Amino acid sequence: MKRHYLLASAALTAALALTACSASDDALSGGGATGNTAGAASDGPAVDGGTLKIGLDRPFTKLDPADATLTSMPMMVLANALYDPLMVNGDNGTVQPYLAKSFTSDADATVWTLDLREGVAFSDGKPLDAQAVADHVARLAKPESRCGCAVDAAAIASTTVTGPTTVTFTLKAPDAAFPNLFTRSLGYVSEAPAGDSPAVGSGPYTVESVQPGVSVTLTRNPAYWGGKGHADKLVYRVLSDADSRYQSLRSGDTDLIWTETPGQLKQAAADGLRAATGPGSTSTVLFNTKAAPFDDVRVRQAVRYAIDREALEKVVYLGQGSVSDGPIGSRSPYRATAAYPARDVAKARALLAEAGHPDLSFEYLVDSRPEGQQRATVLQQMLGEAGIKMTVKPLDPAGLGTAMMQRKFQVMDFVTSLFGDTDTALGSLYGPTAPYNFTGWSDPEAEKAITEGRASTDAAKRSAAYDHAAQRVVGEVPMAFLTENTVGYLATAKVGGLPDLSKRTVLSVSPATLWEKR
C-alpha cells in the first residue's frame, strides 16, 4: 500500500547544482519552436526593439567564463549573451558545433582538430581566431584562473595552432567525447579581463553597466558576426529568493526567470505564464563508501531498498518530474537498459541484519533551503519504516559543498545537472582518479567500462560500455538515484521566441533569440 508522506514546507526553492557535424545558428534557441510553452501556439514573426528584463537566481562576482557561477545552467542565459560557445548542447544529449564549424578526431580519438567560423571578431574588434582559442584555453587551465574547467583542460597534452582558424589538441588519453568539454567555460572564448573590466567576448550583446552581485545591463553588439539580437537591451537583476522572483514575474516587473520550484511550474499556466523547461537536474543520495557502515555495500543497498522514488517524486516534485533509474538519464543517447530496483522494505531489513546493522542510524546532510528539507523529511519517514534512524542536519550551500569536497559526511543530499552529459558524468563521478568522486567508490570493472566507452568512436560500443558501467553503479550503490527534475524558464505572455527544451538535458538558451511582443 502506498504511504502518504507529509510535506515539510509549502515553499520550494532551487536545489544545489554543481559546478560537458554541423549545426545551424538556432542551436541555442531550441530550433525556434514554442514547444512546451503556455499561451499562443505560434508567436508569429520576431519583433526587434525594446528591453527584456531577466531575473537571475544567484549573484555573480564577475563576467568572466572562468567563473563557475556564470557558466552554471541558470546563468547561461547571461553567458550566452556575452560569449558564443564553440559547442552547444542539443536535443537528447547531443553536442553540436556553434562558433566552431567542426570538431573532428583521428581514428583513436586522441588528436582533435577544431575548425572555427571565419570572420568572427571580439566586441573590441580583435579577431577571434585559432590563436585566440589557444590563448583562452591556456588561460583557463592555469591555477590562478580558479576555473573548475582546469580539470578538463588538464586532459590536453598539447595545443597547436595549425592555421588561421584551426587548432589541434593532442590528448593524454583517448576521449571520444572531448568536444563536450567546450559547451561552457572552455568553449566561451574570451579575452582576459583587464582590471575590473569584464572579459571581452564575441556574443550578440556587450556590457553597458554592471553592479557585481546586483545587476547588469547589456546592449546589442552592433558588430556582431551573426544574426543580431532582437531586443535592444537586456537588463538582468539578481533575485535570489525563488518566491520573490516568481512574484516579480507575475507583476510584470520581470519578463523571464529561471525556476527549479515545482509549485511554480505547476501554477504557471493558471497565472498566465509561459514555460520552457526540461529534465535539467537529478536528485540523488551520496554515501561515503570510505567509512563504516557505508563501506559495506549491503548497508547502501538497504537504504536504497527503503526508498520509494515514485512517492518521493509526487510529494516533493508534485508530479512535475520523473523517477531516476541511474547515472544515464532518460534523454541520453546512451539510454541504459538495466532496471532500477523497486522499493522492498523487507529486503532492506534483511540486508541490514545480514550486515550486522539491524538498528542502523546515521546523519544526513542536506541543503538548508526548503526543497532540500522537504526531500530529507520524506526520506526520513521512508527509512524509518525499515527501522533506519536518519537524523537530518541542514547546512548552507557553502557548508554542504565543503563537506562534499572533503568527504566529511556519512550520507548527503546531492542535486546536480551533471547527469545531463553522460560522458562527463561517468568519467567525473566514478573511479579513483575521477575529479568529482565524492563517494570514494572505486570499482575496476566500472572504471574499465567507462574508459572503454570514452575511447570508442563507435556509438554502439560506447553505449554498451556505458550501460555496463551504469549497471555496476546501480548494483554497488555509491549513490542512490531519486528523481529527474523539471527545471527551466518561466516568462510573461509578451515574451516571444521561447524555445522547446523538453528534449534537452542542458538548458542553454540565448536571449538574443527572444523578443518582446508588441
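**Exercise 1. Find the residue in β7 that stands opposite V111, then place its strand in the sheet.**

Solution. This is a predicted model, and we start with one pair of residues.
- Step 1: V111 stands opposite T170 in β7.
- Step 2: Now widen the view to the strands. Strand β5 (residues 111-116) pairs with β7 over five bridges, in the antiparallel sense.
- Step 3: The open sheet has four strands in the order β4-β5-β7-β6, and their pairing is antiparallel.
- Step 4: Look at the ends of that order. β4 (100-105) and β6 (156-163) each have a single partner strand, so one side of each is left without a neighbour in the sheet.
- Step 5: Finally, place the helix. Helix α2 (residues 130-141) packs on the sheet and touches β5, β6 and β7. The direction of α2 makes about 165 degrees with that of β6.

**Exercise 2. Classify the aromatic pair formed by F169 and F182 as stacked, tilted or edge-to-face.**

Solution. A pair of aromatic rings is described by the distance of the centres and the angle of the planes.
- Step 1: The structure holds 18 aromatic pairs. In the pair of F169 and F182, the distance is 5.5 Å centre to centre, with 45 degrees between the planes.
- Step 2: Planes under 30 degrees apart count as stacked and those over 60 as edge-to-face, while the rest are tilted. The pair of F169 and F182 is therefore tilted.
- Step 3: Locate the two rings. F169 is in strand β7 (residues 166-171), and F182 is in the loop between β7 and β8 (205-211), 13 residues apart.
- Step 4: Check how covered they are: both F169 and F182 are buried.
- Step 5: F169 and F182 form one aromatic cluster together with F103, W112 and F178.

**Exercise 3. Work out where the buried residues of helix α8 fall when you look down its axis.**

Solution. 
- Step 1: List the residues. In α8 (residues 345-355), the buried ones are A348, L351, L352 and A355.
- Step 2: Look down the axis of α8. Its buried residues fall within an arc of 100 degrees, so they line one face of the helix.
- Step 3: Turn to the other side of α8, where A346 and E354 are exposed.
- Step 4: Ask what covers the buried residues: the cover includes α6 (297-305).

**Exercise 4. How many residues of strand β12 are buried, and which strands are joined to β12 by bridges?**

Solution. 
- Step 1: Strand β12 (residues 274-287) has 14 of its 14 residues buried.
- Step 2: Eleven bridges join β12 to strand β17 (residues 479-491), and the two run antiparallel. V285 has A480 as its bridge partner in β17.
- Step 3: Strand β16 (residues 411-416) is joined to β12 by six bridges, again antiparallel. Here T284 has F414 as its bridge partner.

**Exercise 5. Compare A109 and R146: is each one buried or exposed?**

Solution. Most residues other than glycine have a negative phi, and most peptide bonds are trans.
- Step 1: A109 has a positive phi of about 60 degrees, and R146 has a positive phi of about 55 degrees.
- Step 2: A109 lies in the loop between β4 and β5, while R146 is in the loop between α2 and α3 (150-153).
- Step 3: A109 is buried, at 0% relative accessibility, whereas R146 is exposed, with a relative accessible area of 77%.
- Step 4: Among the residues that A109 touches are L171, P174 and A455.
- Step 5: For the peptide bond, look at A292 and P293, which are joined by a cis bond with omega about 5 degrees. P293 is found in the loop between β12 and α6.

Conventions
Residues numbered from 1 in each chain as written. Predicted model: local features only at pLDDT ≥ 70, side-chain atom pairs only at ≥ 80, totals over all residues. Heavy atoms only, no water. Phe/Tyr/Trp six-rings, centres within 6.5 Å; stacked < 30°, edge-to-face > 60°. Buried < 20%, exposed > 50% of the residue type's maximum accessible area, 1.4 Å probe, protein only. Pairing = 2+ DSSP bridges. Contact = heavy atoms within 4.5 Å. Axes fitted to C-alpha atoms, helices over the stretch in contact; angles between N-to-C directions. Arc of directions from axis to C-beta. Lists of a residue's contacts leave out its neighbours within four places in sequence.
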